[in-house]
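Here is a short briefing on cores and helix packing. Look at the model first, then read the points below.

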Amino acid sequence: MPSREDILAFVADNPGRAGKREIARHFGIIGGARIHLKKMLKDLADEGLVEKRQKRMIRPGDLPPVFVANLIARDRDGELLATPLDWDDEAGAPPQILILTGKTKATQPGVGDRALVRLTEAESGPDAAHVARVIRVLEKRQGAILGILRKRDGSRPPYLEPIDRKQRELDVDASDLKDADDGDLVSVQVTRSGRYGHPKASVVERFGSMNSEKAISEIALQSHGIPHVFPAAVEAQAESAKPVEKPGKREDWRQIPLITIDPPDAKDHDDAVFAEPDTDPENEGGHIVYVAIADVAHYVTPGSPMDREANLRGNSVYFPDRVIPMLPERISNQLCSLREKEDKPSLGVRMVFDRNGRKISHSFHRVLMRSAAKLSYIQAQKAIDGITDEKTETILDGILKPLWAAYDALKKGRDARAPLELDLPERKIKLKPDGTVDHVYVPERLDAHKLIEEFMIQANVAAAETLEKKKSPLLYRVHDASTPEKLESLKDFLSTLNMKLPSTGGLRPSAFNNILAKVKDTPQAHLVNEVVLRSQAQAEYAPQNIGHFGLNLRRYAHFTSPIRRYADLIVHRGLISALGLGGDGLPEGIESKLEAIGAEISAAERRAMMAERDTIDRLIALWMSSQIGATFQGRIAGVVKSGLFVRLEETGADGFVPASTIGLDYYRYDEGSHALIGDKTGETYQLGDQVEVRLVEAAPFAGALTFEMVSHGRIAGKQIRKAAPKARRGPPKGGRSKSGPAKTSTRKKNRRRSS
């Protein structure tokens, strides 16, 4: 057997390529000795010396073989340097990577671009830790600059206050402002710059008042580099597409009364469902469930302009009042959307379940279907609860009740599977007609939501099982178990609440569920749910299957939302090819590209999540900017050396209390107890404590709120309140601080389908 040091050296020399099989082959480990190797690798992982990622071992902080990188600068020799887009800050500063470019335009990036790269073994030189070669440039640097137009008195020209604080202010040509007024968000193009003084710029586009949702979401689009204008070739392809009017070689499912259940304002309908009792006497009490999914593959063919653009975007992006779609609206909202009473091409799955929710069989079909009804979640739920309307009254007995009966059975199967049951309600923002915030609320989580979610999960599992059985190329939706470091941090936190996770054996989702059950309906429930969420790995797309930890599933793929996710379109094409359902399946040679595509669309998904979260934060900061000086109840949602993150109870808004503004004591950070503790008084502010704070600053550009503490901390286990609020001291030291470490993003669609 090799020594631990030998194994660690091999892993270090083969980052992202050293799995158990490769290690055994390299060291000649065969037979029963593999058991000892497995134990040695487990011990190394438990000690935090290696991490398992998609069946490969890497050292903490190492890079995967393929990843998305931001090109940030050039070195002294003019070579490009980059940092990884997805990097865990707990691993320290992101490493610099020397970038090798290719000869084609697709592999020639510049500073400010974003590219998909592959690690190589070339010498990195003094300025970089790694070397990577460009596979494809994903996003080119934007030439336009986004900012706020500011007008000045007299003859002085207006100027641009850039959103990016690293950029200089720009004088703007007053002769062509595109009707922009003082305080409007605009994009400008630098037209000329003299050797002295400010550069000159002209307005390219006006987005309107900074107080509107459209302007704030535009900031997110620009700052995260999200493509949002379709090229002319893409629009032309979409406009030339023709509807499917006859079944042809498709099966005719138009007599099956499938229905769509979505949010009331949904414009694109990916999925329709129907269920009925199974009449087979050998499956007494069983159910047959039909799920029909929009046949996007019929319209978006491999290598076409729409396909390339969808691959680049990766997914649709959802803001409070608009959607940046992955596909043009003619495709997403018209031809593919499963609209009521319209014939639509679909890819359907028929699944048979027993009375306990165990799937007995399934089959896939390329069909023509017709939605019998379009319902909202609330509308469907009310009908089941006994409050019908003109539409639901006619379908209650024949469609809705059989759906709920099937869901009751599937619920038993879900409970037996015991997936991770996090309870984290989504913040939603209600806007006024002018695009400003009306109020923030948390919508009720209904059984109608859970029904659609469970039907979609089962359809996704069926897709993965079919493609795996057919040995087809496949992009799995994978979710790894927590790293040892994150588990240790979670255990430290739970110890402050006198709770603990099992210290030995492999953790399953049920171990986390036991913790969540203990705090259910207590003041700590929301906080513990968030801390458990932070301890989890992030789900991603990959051609190597490691299972889905959170859902507690051995194999899982995204199949049910091809209108808004590129991964689902790949799975659709895989099913078409594997089952002989047409000539528009997977293209030749796709298998060698799946790893790169998985990394690319995983990065696009994280980019969308950040843009959505930033928009919510900016809108809330703008909304609360009129409430400076008001006091609020909240809970401490994060503790760092420099202060406390506080989440307000009523709105879920996050803000920061700088440590330098808390009382007259000096507060030390206790990492193990997640607390700031006063040196002299012992006054303690701990994660989860209820506090009262006063808003002293709101920074809409940064999406940040700054508070000062009104209530005392705890002393000797007791929390006391001041007799009178603190006197206002003005803006605290430390300035603006970014909102808390864990925020909840919003979706127009029911985003819980994205597990």
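Axes are lines fitted to C-alpha atoms, for helices over the stretch in contact, and angles run from 0 to 180 degrees between N-to-C directions. This is a predicted model: local features need pLDDT of at least 70, side-chain atom pairs count only at pLDDT 80 or more, and totals for chains, interfaces and linings use all residues. Residues are numbered from 1 along each chain as its sequence is written, and side-chain values use heavy atoms, leaving out hydrogens and water.

**Helix packing**
- Helices (DSSP runs of H or I, at least four residues, numbered from the N terminus) include H6 and H14 (residues 566–578), which pack at about 130 degrees with axes 9 Å apart.
- In contact (heavy atoms within 4.5 Å) are Asp307, Ala310 and Asn311 of H6 with Tyr566, Leu569 and Arg573 of H14.
- The axes of H5 (residues 232–240) and H6 (residues 305–313) come within 8 Å and cross at roughly 120 degrees.
- That makes H5 oblique to H6.
- Ala233, Val234, Gln237 and Ala238 of H5 touch Pro305, Met306 and Glu309 of H6.

**Nonpolar cores**
- A nonpolar core is a set of buried Ala, Val, Leu, Ile, Met, Phe, Trp, Tyr and Cys residues joined through side-chain atoms within 4.5 Å; buried means under 20% relative accessible area (1.4 Å probe, protein chains only).
- The largest has 88 residues, and Val291, Leu403, Phe455 and Phe559 have the most contacts inside it.
- Helix H10 (residues 447–469) gives the most to this core, with 10 residues.
- A second, separate core of 60 residues includes Leu490, Leu494, Met624 and Val693.

Key
Buried < 20%, exposed > 50% of the residue type's maximum accessible area, 1.4 Å probe, protein only. Helix = DSSP H or I, 4+ residues; strand = E, 2+ residues; numbered from the N terminus. Parallel < 35°, antiparallel > 145°, perpendicular 65-115°, else oblique.
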